[in-house]
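Work through the exercises below with the sequence and the structure side by side. Try each task before reading its solution.

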Amino acid sequence: MLNFDFTEKQVSPWGGLRLIQEGYVRCGLKDAIDSLSFFQPGSGNGRQHSEIVESFLMSVILGAD
């Protein structure tokens, strides 16, 4: 369960993403993706597969085509 409160403070345009990211972690999706065996990045600039999937999901949620 996600708990949140309403305040009079101004919210940034990205403020709602925190709830989405928190739900993503709490529902276990991040751990499930981390447990899959994908390729491992070969360079120091490589990204973990869970970061790539999370970025894709956020793009779709934000309206990417």
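Helices here are DSSP runs of at least four residues, numbered from the N terminus. By that numbering, Gln10 sits in the segment before H1. The model is predicted.

**Exercise 1. Describe the largest pocket: what is its volume, and which residues line it?**

Step 1. Start with the volume. The largest pocket has about 230 Å³.

Step 2. List the lining. Phe4, Asp5, Phe6, Thr7 and Lys9 take part, along with Val11, Gly15, Gly16, Arg18 and Leu19.

Step 3. Sort the lining by class. Four residues are nonpolar, three are polar and three are charged.

Step 4. Check the glycines. Gly counts as polar in this scheme, and both Gly15 and Gly16 are in the lining.

**Exercise 2. How many salt bridges does a search of the whole structure find?** **Describe each pair.**

Step 1. Count. The search finds two salt bridges.

Step 2. Side chains of opposite charge can pair when their charged atoms come close.

Step 3. Take the pair in H1. Arg26 and Glu22 form a salt bridge, with an N to O distance of 3.1 Å. Both residues are in helix H1, which covers residues 17–26. They are four residues apart, about one turn of the helix.

Step 4. Arg26 counts as exposed because its relative accessibility is 52%. Glu22 has a relative accessible area of 15%, so it is buried. The buried class means under 20%.

Step 5. Take the pair in H2. Lys30 forms a salt bridge with Asp34, and the closest N and O atoms are 3.6 Å apart. Helix H2 covers residues 29–35. Lys30 and Asp34 are four residues apart in H2, so about one helical turn separates them.

Step 6. Classify both partners. Lys30 is partly exposed, at 25%. Asp34 is partly exposed too, at 36%.

**Exercise 3. Which residues make the nonpolar surface patch, and which helix gives the largest share?**

Step 1. Name the members. Ile20, Leu29, Phe56, Leu57, Val60 and Ile61 make the patch.

Step 2. Give the area. The patch has about 490 Å².

Step 3. Find the main contributor. H3 provides the largest share, four residues.

Step 4. Val60 lies in helix H3. Ile61 is there as well, and H3 covers residues 49–61.

Step 5. Classify them. Val60 has a relative accessible area of 45%, so it is partly exposed. Ile61 is partly exposed, at 47%.

Step 6. Ile61 and Arg26 are 35 residues apart along the chain, and their C-alpha atoms are separated by 17 Å.

**Exercise 4. Where do Phe38 and Gln48 lie, and how exposed are they?**

Step 1. Phe38 is in the loop between H2 and H3. Gln48 is in the loop between H2 and H3 as well.

Step 2. Classify Phe38. Its relative accessible area is 39%, so Phe38 is partly exposed.

Step 3. Classify Gln48. At 38%, Gln48 is partly exposed.

Step 4. Read the distances. Phe38 and Lys9 are 29 residues apart along the chain, with C-alpha atoms separated by 42 Å. Gln48 and Gly23 are 25 residues apart in sequence and 20 Å apart in space, C-alpha to C-alpha.

Conventions: Residues numbered from 1 in each chain as written. Predicted model: local features only at pLDDT ≥ 70, side-chain atom pairs only at ≥ 80, totals over all residues. Heavy atoms only, no water. 1 Å grid on protein atoms, 1.4 Å probe; cavity = no way out; pocket = protein on both sides within 12 Å on 5 of 7 lines; lining within 4 Å. Points joined across faces, edges and corners; volume = space filled by probe spheres on them. Helix = DSSP H or I, 4+ residues; strand = E, 2+ residues; numbered from the N terminus. Buried < 20%, exposed > 50% of the residue type's maximum accessible area, 1.4 Å probe, protein only. Patch = residues over 30% accessible without salt bridge, like charges linked within 9 Å, V, L, I, M, F, W, Y side chains within 5 Å. Areas by Shrake-Rupley, 256 points an atom, 1.4 Å probe, with all protein chains shown as cover. Salt bridge = Lys/Arg side-chain N within 4 Å of Asp/Glu carboxyl O.
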